[in-house]
Amino acid sequence: MNAKIELDNPYLLLTPGPLSTSKGVRQAMQRDWCTWDQEYNQLVQDIRQRLVALATTQVDDYSAVLMQGSGSFSVEAVLGTCVPEAGKILIINNGAYGARMVQMAKRLKLNVVELAYPETQVPELDEIAQVLSDTQITHVACVHCETTTGMLNPIEEIGALVKAHNKVWIVDGMSSFGGVPLDVAECKIDFLISSANKCIQGVPGFGFVIAKRQELEQCQGQARSVSLDLYDQWFTMEQQQGKWRFTSPTHVVHAFHHALLELEQEGGVTARHQRYLTSQKTLAQGMQALGFNCVIAQNQYQSPIITTFLYPEDDFSFQAFYQHLKSTGFVIYPGKISDLACFRIGNIGEVYLEDIERLLQAVARYRANV
Ligand SMILES: *Cc1c(COP(=O)(O)O)cnc(C)c1O
């Protein structure tokens, strides 16, 4: 496998999804597919089974639901379907994606409590335990890899607290699932959400939820939306063996199936995680040597997915830097932290160590010339 820039792709995406995909994934979209026969439905069933197997060794306890739309649609489907009218959800928020869940919960008129932290802070377990003593709280949600900063939240520890208090546990694993080893059963997760265009390295078009069957089965009739009814979507896929309720993104589904095969060929989540780790460490060290400090301490809380760097000087022009890198074949990502001048570089997708090394050379050339 080699991620040399191809003629039809003028740049490599160093963004956390959409991301640079392999040629094989893109080729899987080069024809049209029917959805009404067994061939397609079996492909969907195979995807669902593979996703559950990626998520846990306890495959009988979990089921996968695919949902049209970007990842946020699946997050909203979970929030709007799982929390009953009499329920109350605690959302732990230390970034833009935690904040988005709060916004969704409010829009859905859920009874919501928010535990908010600055984007650069790890949520505090003592404080979470304290809030969880509220017996009215029925559900807890948190982001695993907060893509805002690249911080990995301690979901295993939080999950232990959530279950010690008997609450339903929802994790936005959008940008970590498939790239960071995790067992939903061990982390006591009831609903884990991710999407096609993150660490599985497919193209955008649908999200998915790995759900504990026992919890999902209790959600019938609770959804506040028809198209985002996670239960109905699951029930149809389950009863009709791989059928989507409404038009499914067929090309995206085929590309995703191919992406799953490529993940397996690479050596599964462990091997992919190792590739991401190597890239991220090289990136962080190389950028620091060129005068760019990391926002998150480079310890267990730094994810191998995306890294946030501070502007090196007050008069640093991100636009000029961005344009220079784009013209040399790399697209990076602006910052998203409220009160820090920063930018982000992702390293998931069809991106290898040699790409990161080439990027560092391009950054070094830019620094030498301004
Ligand atoms: C990408 C992402 C999402 C979903 O974003 P969409 O733009 O709706 O695909 C949600 N949460 C996290 C942590 C993400 O990284």
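Predicted model: local features only at pLDDT ≥ 70, side-chain atom pairs only at ≥ 80, totals over all residues.
**Entry: the largest pocket**

I began with the largest pocket, whose volume comes to about 310 Å³. I found that 22 residues line it, and that Ser 72, Tyr 97, Arg 100, Met 174 and Lys 198 are the ones nearest its centre. I then looked up which helices contribute, and saw that α3 (71–82) and α4 (96–107) each give at least two residues to the lining, with α4 holding the largest share at four residues. Sorted by class, the lining of this pocket consists of eleven nonpolar, eight polar and three charged residues.

**Entry: the cavities**

I counted two cavities of 30 Å³ or more, and noted a volume of about 30 Å³ for the second largest cavity. Its lining includes Glu 76, Ala 77, Arg 224 and Leu 228, and by class it has three nonpolar, three polar and two charged residues.

**Entry: the salt bridges**

My search of the whole structure gave ten salt bridges. In one of them Arg 48 pairs with Glu 238, with 2.6 Å between the closest N and O atoms; because Arg 48 sits in helix α2 and Glu 238 in helix α8, this pair ties together parts 190 residues apart in sequence. I noted that Arg 48 is buried, at a relative accessible area of 5%, while Glu 238 is partly exposed, at 24%.

I also looked up Glu 264 and Arg 50, whose side chains form a salt bridge at 2.8 Å, N to O; Glu 264 belongs to helix α9 and Arg 50 to helix α2, so parts 214 residues apart are tied together.

Notes:
Residues numbered from 1 in each chain as written. Heavy atoms only, no water. 1 Å grid on protein atoms, 1.4 Å probe; cavity = no way out; pocket = protein on both sides within 12 Å on 5 of 7 lines; lining within 4 Å. Points joined across faces, edges and corners; volume = space filled by probe spheres on them. Nonpolar A, V, L, I, M, F, W, Y, C, P; charged D, E, K, R; others polar. Salt bridge = Lys/Arg side-chain N within 4 Å of Asp/Glu carboxyl O. Buried < 20%, exposed > 50% of the residue type's maximum accessible area, 1.4 Å probe, protein only.
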